[in-house]
Structure formats: C-alpha cells, structure tokens
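Here is a walk through one protein model. Keep the structure in view and follow along.

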Amino acid sequence: MPDVTLNVRGLSNAGETEKLERALTRLDSVQLVNVDHEKSLVAVSYEGGASELEEIESAIRDAGYDYTPSPGAENVGG
C-alpha cells in the first residue's frame with residue numbers, strides 16, 4: 001500500500017514514467033514507486049514523515065513535473 005498518491009501533470013508516455021521513477025527511487029527514504037502515466041498518478045511508499053514527503057515532492061518538481069496531492073496526502077507522516 002503506498003503511503004502517498006499524487007496527481008502528476010505532464011506524464012505523456014512511458015519515457016516520462018521512467019524519468020520520474022528514476023528521480024524518486026534515488027531518494028533514500030523511498031521504498032517503492034508506481035507511476036501510471038495514463039492516469040497521471042504516482043504512488044510512493046516511503047519511510048519517514050513530513051520531511052521525507054517534502055523531498056518526494058521536491059524531486060517531482062525538480063524532474064520537471066507539476067503535481068497536486070491526492071485527498072489526504074497533506075496529512076501523511078503526521
């Protein structure tokens with residue numbers, strides 16, 4: 001079960017999916033990433049709390065994508 005699911009804009013093909021997966025799996029706290037470009041969703045399982053979630057969000061922005069948290073994502077990590 002992912003810890004957070006984000007709606008990511010700009011995922012148009014499998015190449016974009018791979019780019020984002022690579023960016024997220026480089027983070028030490030990230031255990032699993034599942035990117036669905038057809039639904040524009042990214043599910044991330046990670047260890048940690050709010051600061052690790054901020055790192056995930058920053059990695060998405062740094063990879064060149066805009067995102068919106070899925071409902072409840074802002075409450076992840078306590």
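Contact here means heavy atoms within 4.5 Å. The buried residues of helix 1 pack against strand 1, strand 2, strand 3 and helix 2. Bear in mind that this is a predicted model.

Which residues of helix 1 are buried? They are Thr-17, Leu-20, Ala-23 and Leu-24. Seen down the axis of helix 1, these buried residues fall within an arc of 130°, so they line one face of the helix. An α-helix has 3.6 residues a turn, so residues three or four places apart point the same way.

Helix 1 has twelve residues. From first C-alpha to last, helix 1 reaches 16 Å, close to the 16 Å expected at 1.5 Å a residue. Ala-14 lies in this helix, which covers residues 14–25. Ala-14 is partly exposed, because its relative accessible area is 42%, and buried would mean under 20%. The C-alpha atoms of Ala-14 and His-37 are separated by 6.9 Å. Along the chain, these two are 23 residues apart.

Four strands form an open sheet in the order 2-3-1-4, and the pairing is antiparallel. Its edge strands are strand 2 (30–36) and strand 4 (66–69), each pairing on one side only. Neighbouring strands of this sheet are turned by 25° against each other on average, direction ignored. Helix 1 packs on the sheet, touching strand 1 (4–9), strand 2 and strand 3. The direction of helix 1 makes about 165° with that of strand 2. Helix 2 (residues 50–62) packs on the sheet too, touching strand 1, strand 2, strand 3 and strand 4. The direction of helix 2 makes about 145° with that of strand 3.

Look at one strand pair. Six bridges join strand 2 to strand 3 (residues 41–46), and the two run antiparallel. Val-35 has Val-42 as its bridge partner in strand 3. The loop between strand 2 and strand 3 holds Ser-40. Phi of Ser-40 is near 60°, a positive value in a residue other than glycine. Most residues other than glycine have a negative phi. Ser-40 is partly exposed, with a relative accessible area of 24%.

Next comes helix 2. At 1.5 Å a residue, its 13 residues should span 18 Å, and its end C-alpha atoms are 18 Å apart, which agrees. The buried residues of helix 2 are Leu-53, Ile-56, Glu-57, Ala-59 and Ile-60. What covers the buried residues of helix 2 includes strand 1, helix 1, strand 2, strand 3 and strand 4. Gly-64 follows helix 2, and its phi is positive, near 100°.

Finally, look inside. In soluble globular proteins, nonpolar side chains tend to be buried together. The largest nonpolar core here has 21 residues. Those with the most contacts inside it are Val-8, Leu-20, Leu-24, Val-42, Val-44, Ile-56 and Ile-60. Strand 1, helix 1, strand 2, strand 3 and helix 2 each supply at least two residues of this core. Its largest share, four residues, comes from helix 2. What does Leu-24 touch, not counting residues up to four places away in sequence? Leu-24 touches Val-30, Val-33, Val-42, Val-44, Ile-56, Ala-59 and Ile-60.

Terms used: Residues numbered from 1 in each chain as written. Predicted model: local features only at pLDDT ≥ 70, side-chain atom pairs only at ≥ 80, totals over all residues. Heavy atoms only, no water. Buried < 20%, exposed > 50% of the residue type's maximum accessible area, 1.4 Å probe, protein only. Pairing = 2+ DSSP bridges. Axes fitted to C-alpha atoms, helices over the stretch in contact; angles between N-to-C directions. Expected span 1.5 Å × (residues − 1). Core = buried A, V, L, I, M, F, W, Y, C linked by side-chain atoms within 4.5 Å. Arc of directions from axis to C-beta.
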